[in-house]
Amino acid sequence: MSYRNGNEKESPDHRGEYRGAVMKKCILSRSNEETLLIGEIIGRCLVSGDIVALIGDLGAGKTCLTQGIARGLGVPKSYAVASPTFTLINEYPGRHVLYHLDVYRLSGSKDLEEMGYEDYFYGKGVSVIEWAEKIADIVPETAITICFAFVDEHLRRIEISAPEKRLAEIASALTGGGF
Ligand SMILES: Nc1ncnc2c1ncn2[C@@H]1O[C@H](COP(=O)(O)OP(=O)(O)O)[C@@H](O)[C@H]1O
Ligand SMILES: [Mg+2]
């Protein structure tokens with residue numbers, strides 16, 4: 001997990017690749033439709049093994065963004081993506097398998113260790129984690145972190161941070177999509 005300003009030295013990611021310092025991009029979403037679209041654009045950029053850490057209060061738009069990511073990953077529309085608050089994890093087929101985690105009810109990362117989270121985080125699928133700040137100690141620094149802030153009822157400020165190259169790809173796709 002990273003709350004950094006992009007001045008760090010390069011370090012290898014969990015696949016042993018050098019990906020550059022962590023950089024940030026801020027965008028605004030004016031509606032849940034826009035957040036869905038932002039998620040879809042990000043989803044199209046995701047690759048096997050990616051971890052997306054979502055941070056933001058209840059109602060910020062984490063599940064909405066995940067629904068968009070599912071679209072971008074090609075999860076069939078017949079699957080209704082909802083917060084796995086009680087099941088902890090939902091799995092959806094797509095271009096890469098989507099593991100949707102909601103760790104709100106966990107007291108910390110220990111609970112996830114017991115259920116063998118490594119199979120999800122370090123497997124071939126894409127993991128999207130709601131309330132990722134609760135398990136910050138086990139989220140790799142190379143994760144794509146997305147923080148939501150309420151501006152008003154419909155306006156959300158969305159800050160995306162990721163290793164330089166990944167952020168550049170995502171930022172350019174978002175710019176191409178009008179964000
Ligand atoms: N710009 C926006 N982006 C996402 N959701 C929005 C936005 N504006 C209003 N909303 C509303 O906020 C709520 C977000 O819910 P949800 O995605 O479940 O949040 P979370 O998973 O963070 O608790 C929905 O009711 C949605 O309609
Ligand atoms: Mg949610």
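**Notes on a hairpin, a ligand shell and a helix pair**

1. Ile 89 sits opposite Leu 101 of β4. This is a predicted model, where local features need pLDDT of at least 70, side-chain atom pairs count only at pLDDT 80 or more, and totals for chains, interfaces and linings use all residues. Residues are numbered from 1 along each chain as its sequence is written, while chains are lettered from A and ligands numbered from 1 in the order in which they are written.

2. Back to the strands: β3 (residues 89–92) and β4 (residues 98–102) run antiparallel and are joined by 4 bridges. Strands pair if DSSP finds at least two bridges between them. A hairpin of 5 residues links β3 to β4. Strands (E, at least two residues) and helices (H or I, at least four) are DSSP runs, numbered from the N terminus.

3. Now ligand 1. Of the 18 residues around ligand 1, those that come nearest are Thr 35, Gly 61, Lys 62, Thr 63 and Cys 64; a residue is near if its C-beta atom, placed from the backbone, lies within 6 Å. Both α1 (32–45) and α2 (62–72) supply at least two residues each to that shell.

4. How do α1 and α2 pack? Their angle is about 45°, with axes 6 Å apart; axes are lines fitted to C-alpha atoms, for helices over the stretch in contact, and angles run from 0 to 180 degrees between N-to-C directions. That makes α1 oblique to α2, as angles under 35 degrees count as roughly parallel, over 145 as roughly antiparallel, 65 to 115 as roughly perpendicular and the rest as oblique.
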